[in-house]
Amino acid sequence: MSAETPVATGQFTHRRQQFRAWRGTRPFWAGLFVLLSGLPIAYFPYAHLQIGHLTLAMATTAGAGSLIIGVLLVVLGVSLWFQKHVRVFAGVAAILLGLVSIPVSNLGGFLIGFLLSLIGGAMAVSWAPGAPPAPEPAPEAAAAPGGAPAGVYPGGGVPAGDATVNPYSTGPALSKDADGGDEPNDLSGTSPANGANGRHSAG
């Protein structure tokens, strides 16, 4: 018996579909860009670059300002995920903080944080929630008892089964003969009853 427990593939697919549905209802990518923009802005002023035996400090006189800008950008990115109604405010604030980080924090984290904040802020401002799907329209005409749509027959109901009463019948018309019986009224002249056998008699 293996010590490893196999992961159910159905559960992973279900979690992935849940995350996709959650991501589609909010400015997810805008929040991700804004959150990532705060990391280089807050990190580089406190970082030290080691080149051999030489330690290069990239700290600036406004290190506290860089830390504040970076933390605010991270908070704005998380707010875009969980408070989507503040997307316009958060987007404009991210753009302004990215512009302020150019003179304060090593050209906005060597332009990495600056560009990410501009892209994420613009995406947050331009994001709009999708419209819900429209309900399907109900069928307009209900079917009549005979399978025909309602309104086909002018009387509102299905006519009687007599062929002489139904005006929509495609069968042969019946006429009364001298004895009172029904006889098919064939006007083509080909009926064996009239003896013409397809030829009209002259005179």
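The following questions and answers concern a predicted model of one protein chain.

Reader: What makes up the chain, and in which order?
Author: The chain contains six helices and four strands. Along the sequence they follow the pattern α-α-β-β-α-α-α-α-β-β. Of the 203 residues, 24% are buried.

Reader: Why is Ser117 called buried?
Author: Buried means under 20% relative accessible area. Ser117 has a relative accessible area of 0%, so Ser117 is buried. Ser117 is found in helix H6.

Reader: What is Ser117 in contact with, leaving aside its neighbours within four places in sequence?
Author: Ser117 is in contact with Ser37, Leu73, Ala94, Ile95 and Gly98. Ser37 is also one of the buried residues of H2.

Reader: Why is Leu99 called partly exposed?
Author: The term covers values between the 20% limit for buried and the 50% limit for exposed. Leu99 has 42% relative accessibility and therefore counts as partly exposed. The place of Leu99 is in helix H4, residues 87-104.

Reader: How do you know that the span of H2 is close to the one expected?
Author: The expected span is 1.5 Å times one less than the number of residues. For H2, with 16 residues, the expected value is 22 Å, and the helix reaches 23 Å from its first C-alpha to its last. Among the buried residues of H2 are Phe28, Val34, Leu35 and Ile41.

Reader: Which residues make the nonpolar surface patch?
Author: The patch is made by Trp29, Leu107, Leu111, Leu115, Ile119 and Met123, and its area is about 560 Å². Helix H6, residues 112-126, gives the largest share, three residues.

Reader: Are Trp22 and Phe82 buried, partly exposed or exposed?
Author: Trp22, at 27% relative accessibility, counts as partly exposed. Phe82, at 53%, counts as exposed, because the limit for that term is over 50%.

Reader: Why is the pair of Phe28 and Trp81 called stacked?
Author: The ring centres are 5.3 Å apart and the planes are at 10°, so the pair is stacked; the limit is under 30 degrees. Phe28 belongs to helix H2 and Trp81 to helix H3, so this pair ties together parts 53 residues apart in sequence.

Reader: How do you know that Phe28 and Trp81 are buried?
Author: The relative accessible area is 11% for Phe28 and 16% for Trp81. Both values are under 20%, so both residues count as buried. Phe19, Trp22, Phe28, Trp29, Trp81 and Phe82 form one aromatic cluster.

Methods:
Residues numbered from 1 in each chain as written. Predicted model: local features only at pLDDT ≥ 70, side-chain atom pairs only at ≥ 80, totals over all residues. Heavy atoms only, no water. Helix = DSSP H or I, 4+ residues; strand = E, 2+ residues; numbered from the N terminus. Buried < 20%, exposed > 50% of the residue type's maximum accessible area, 1.4 Å probe, protein only. Patch = residues over 30% accessible without salt bridge, like charges linked within 9 Å, V, L, I, M, F, W, Y side chains within 5 Å. Areas by Shrake-Rupley, 256 points an atom, 1.4 Å probe, with all protein chains shown as cover. Salt bridge = Lys/Arg side-chain N within 4 Å of Asp/Glu carboxyl O. Contact = heavy atoms within 4.5 Å. Phe/Tyr/Trp six-rings, centres within 6.5 Å; stacked < 30°, edge-to-face > 60°.
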